[in-house]
Amino acid sequence: MKLISYFNKLIMAFIPAAIMVSCAGEPEFKVSGCIEGADDQSLILAKSDFHGRWIAVDSTRTNSKGEYTIKSDAPASAEIYRLSLADKFIYFPIDSTENITINSTAKDFGSDFTVEGSETAVNMAAFEKELQKLDTKDPEKVKQFKKEVFNKYLRESRGSIIGYYVLTKIVDGKPLYDAADRGDARYYAAVATSFDQFRPDDPHAGMLREISVEAMRRHNAGSGKKRVIEAEEIAMIDIDLQNDKGNNVKLSDVVGKGKPVVLVFSMMTAEDSPALNLALSEIYNSKAGSVDFYQVSFDADQYAWRDAAKNLKWTTVIDPAGQTSNALRQYNVGVLPTFFIYDGAGALTDRAQTIKELKSKL
């Protein structure tokens, strides 16, 4: 699974309004290349914001040979972009007015590709390919991989955007580098220091600094990593948000009342939301009152959320912070939907990424 991607299927509808046309004389960057086997296919250029969302900035179509060119305004500071073909993505950095060349095939777009145009772009592409080969289910291999990536790409990065990209990479719904882990927190501190030294005015510097400082506070306040992690995994992390009637309802108002509670993180306006809510209703009804739900939505359109939420039988609340929500950070959520299971006594006991997995764990 990748970074939160509910917006991907909606992008095509908004591209005409999102396309940025450069004024004469304004600095631009260019992305061009050839996608073998992609005859007259749509390519979308999108930029990542600070909240894990991808915003379309331009689009084009390949010609009969699979060739394409896209130009867009140069960013004020280094940013992460991606080129998408259908539901496959190639990620690359833009610092200023680079000419980036991306070549691939329609069949293996996103997994077999070349990126040229800057050292940072080449390094990011190499990191992505190495990550694809990683056995993420082997903790020791992941640990060694992170160490090698730091030594190879981050140690001498001098405030390069690749440091921010690697540290915030989400793999299988979880951060590759987790600041809550004492070992990973050191990587954050090193990269944040590099940003402060070489690019103190870069907006990414402040975010990395904040994450690093908060991680140090948490570790210093505890009596060791094991105790901190156990506290976070077992104790309830409370949420206090408004329901569809405008009343605040806490998670603690529902959890610990003698029956299991499923904490649902989702978006009511997502394309597959009706199917998700139908599946949740089937679980809810089949349990005949022996399980409860507390569903948190992160929709920007509160009217659409309220209209969808009003017919559900369980507690539904909305988080106006959207993708910047503290709840997403505290629960370490990288994709939507995600489910957490509290037992009848109020202890957080399990996590699920799919409805099938949730059913098997209830």
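**Salt bridges.** I began with K361, which forms a salt bridge with D350, the closest N and O atoms being 3.1 Å apart. I count a salt bridge when a side-chain nitrogen of Lys or Arg is within 4 Å of a carboxyl oxygen of Asp or Glu. K361 lies in helix α11 (residues 355-361) and D350 in strand β17 (residues 348-352), so this pair ties together parts that are eleven residues apart in sequence. I take helices (H or I, at least four residues) and strands (E, at least two) as DSSP runs, numbered from the N terminus.

E357 also forms a salt bridge with K361, at 2.9 Å between the closest N and O atoms. Both sit in helix α11, four residues apart, about one turn of the helix. I noted D350, E357 and K361 as a linked network of salt bridges.

Buried or exposed? I use under 20% relative accessible area for buried, over 50% for exposed, and partly exposed in between (1.4 Å probe, protein chains only). K361 is partly exposed at 32%, D350 at 30% and E357 at 26%.

My count of salt bridges came to nine. Among them I looked at R61 with D40, 3.0 Å from N to O. R61 is in strand β3 (residues 54-61) and D40 in the loop between β1 (28-36) and β2 (42-48), so the pair ties together parts that are 21 residues apart in sequence.

**A note on the model.** This is a predicted model, and I kept local features to pLDDT of at least 70 and side-chain atom pairs to pLDDT 80 or more, while totals for chains, interfaces and linings use all residues. Residues are numbered from 1 along each chain as its sequence is written, and side-chain values use heavy atoms, with hydrogens and water left out.

Most residues other than glycine have a negative phi, and most peptide bonds are trans. I found A86 with a positive phi of about 60° although it is not a glycine; A86 is in the loop between β5 (79-85) and β6 (88-94) and is exposed at 68%. A288 has a positive phi of about 50°, in the loop between α8 (273-286) and β14 (292-297), and is exposed at 67%.

Which peptide bond is cis, with omega near 0°? I noted the one from L336 to P337, and P337 is in the loop between α10 (326-330) and β16 (338-342).
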